[in-house]
Amino acid sequence: MQLIRGFHNLARHHALKNGCVLSIGNFDGVHCGHQNILSRLCDKALELNLPSVVMLFEPQPREFFAKICENPTPCKVPARLMRLRDKLAALANEGVDYVLCVRFNQAFASLSPDAFIEDLLVKQLNVRYLSVGDDFHFGANRAGNFETLRNAGLKYRFAVEDSHTLSFAAQRVSSSLIREALQRDDLALAEQLLGRPYSIRGRVAHGNKLGRTIGFPTANIMLNRLVTPIQGVYAVQIRTASGLFNGIANVGNRPTINGTKPLLEVHIFDFNQTIYGEAIEVIFRHKIRNEVKFPNFEALKQQIEQDYQQAVRFFEELANEIK
């Protein structure tokens, strides 16, 4: 899979000159619904002998509009299920040929629906087949919709198909539904909707090393997100270059030590390797408790010891169930 950053870089990709099959969206989480869409997109690409392209946006539109919101009440920014790097890896796994990552700014948001179709979809992408949801809106003031695209398809000779929403338990599979499941600590439902356990990937960074002083050294991942979809203490599994390990993790701002930035801290059981700078995956298996502010560091230490024992018991019970 190849990443194209912006329409201005399309010209160097000669394989797109004869046209493409395209889907547009945030694809946050690349969940089961997305996977269904991408499977059909790739099948259509094979049928037409054209490359498959996914167009997505950075920042995501709701993040952009929340940032410029003038409402005295802060506009709510949706939690991201994954960062761009992880999204690209997931899209590559689904067989997509190209990802066109478009910078979402005021100029792009101000494009009329006609300009979006004529200048971008037709002239620059030469789209031959387009798959979007029937609730898709685009262009200035979200004036463009599915019918706008259908009519444009008749004019410019490209097919437009509804991406056929996937349902689970009579509900539309969506990134929003997964966020709600994570907020309710329903990791099992989130796993079913994602098609895999919820996880966070990142590179291990140096921290303040307070964990070492109480016997719980941690691998730290900075969470450079506007909003984190989960918060609290979890029993986790950690995938490293050396294999899969059990552990315990805290996601939050660490209020007891007056932390301000969201951080993922992971204590890996029976592990003594140095992994600074290594990319790891933290897989969330069981919620232990919410993050709280303790009166002092000693109280926090006692709670961490209890959390550790609870995580150990969880994995022991899990092992027994597997047997």
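Predicted model: local features only at pLDDT ≥ 70, side-chain atom pairs only at ≥ 80, totals over all residues.
Me: Where does His31 sit in the chain?

Reply: Start with the helices and strands on either side. His31 lies in the loop between strand 2 (20-24) and helix 1 (32-48).

Me: Is His31 buried or exposed?

Reply: Look at relative accessibility. Buried means under 20%. His31 is at 3%, so it counts as buried.

Me: Now salt bridges. How many does the structure hold?

Reply: The structure has 10 salt bridges. Let us take some of them in turn.

Me: Which side chain meets that of Arg80 in a salt bridge?

Reply: Find the N and O atoms that face each other. The partner of Arg80 is Glu63, at 2.7 Å, N to O. This pair links distant parts of the chain, 17 residues apart. Arg80 is in the loop between helix 2 (61-67) and helix 3 (84-93), while Glu63 is in helix 2.

Me: Why does Arg80 count as buried?

Reply: Use the cut-off again: under 20% is buried. Arg80 is buried because its relative accessible area is 11%. Glu63 is at 7% relative accessibility, so it counts as buried too.

Me: How far apart are N and O in the salt bridge of Asp135 and Arg172?

Reply: Read the N to O distance. For Asp135 and Arg172 it is 3.9 Å. The two are 37 residues apart in the chain. Asp135 is in the loop between strand 5 (127-132) and helix 6 (146-156), and Arg172 is in strand 8 (residues 171-172). Asp135 is partly exposed, at 46% relative accessibility. Arg172 is partly exposed as well, at 44%.

Me: Which residue forms a salt bridge with Asp307?

Reply: Look for the closest N and O atoms. Arg289 is the partner, with those atoms 2.8 Å apart. Asp307 belongs to helix 10 (residues 297-322) and Arg289 to strand 14 (residues 279-289), 18 residues apart.

Me: Are Asp307 and Arg289 buried or exposed?

Reply: Check each partner. Both Asp307 and Arg289 are buried.

Methods:
Residues numbered from 1 in each chain as written. Heavy atoms only, no water. Helix = DSSP H or I, 4+ residues; strand = E, 2+ residues; numbered from the N terminus. Buried < 20%, exposed > 50% of the residue type's maximum accessible area, 1.4 Å probe, protein only. Salt bridge = Lys/Arg side-chain N within 4 Å of Asp/Glu carboxyl O.
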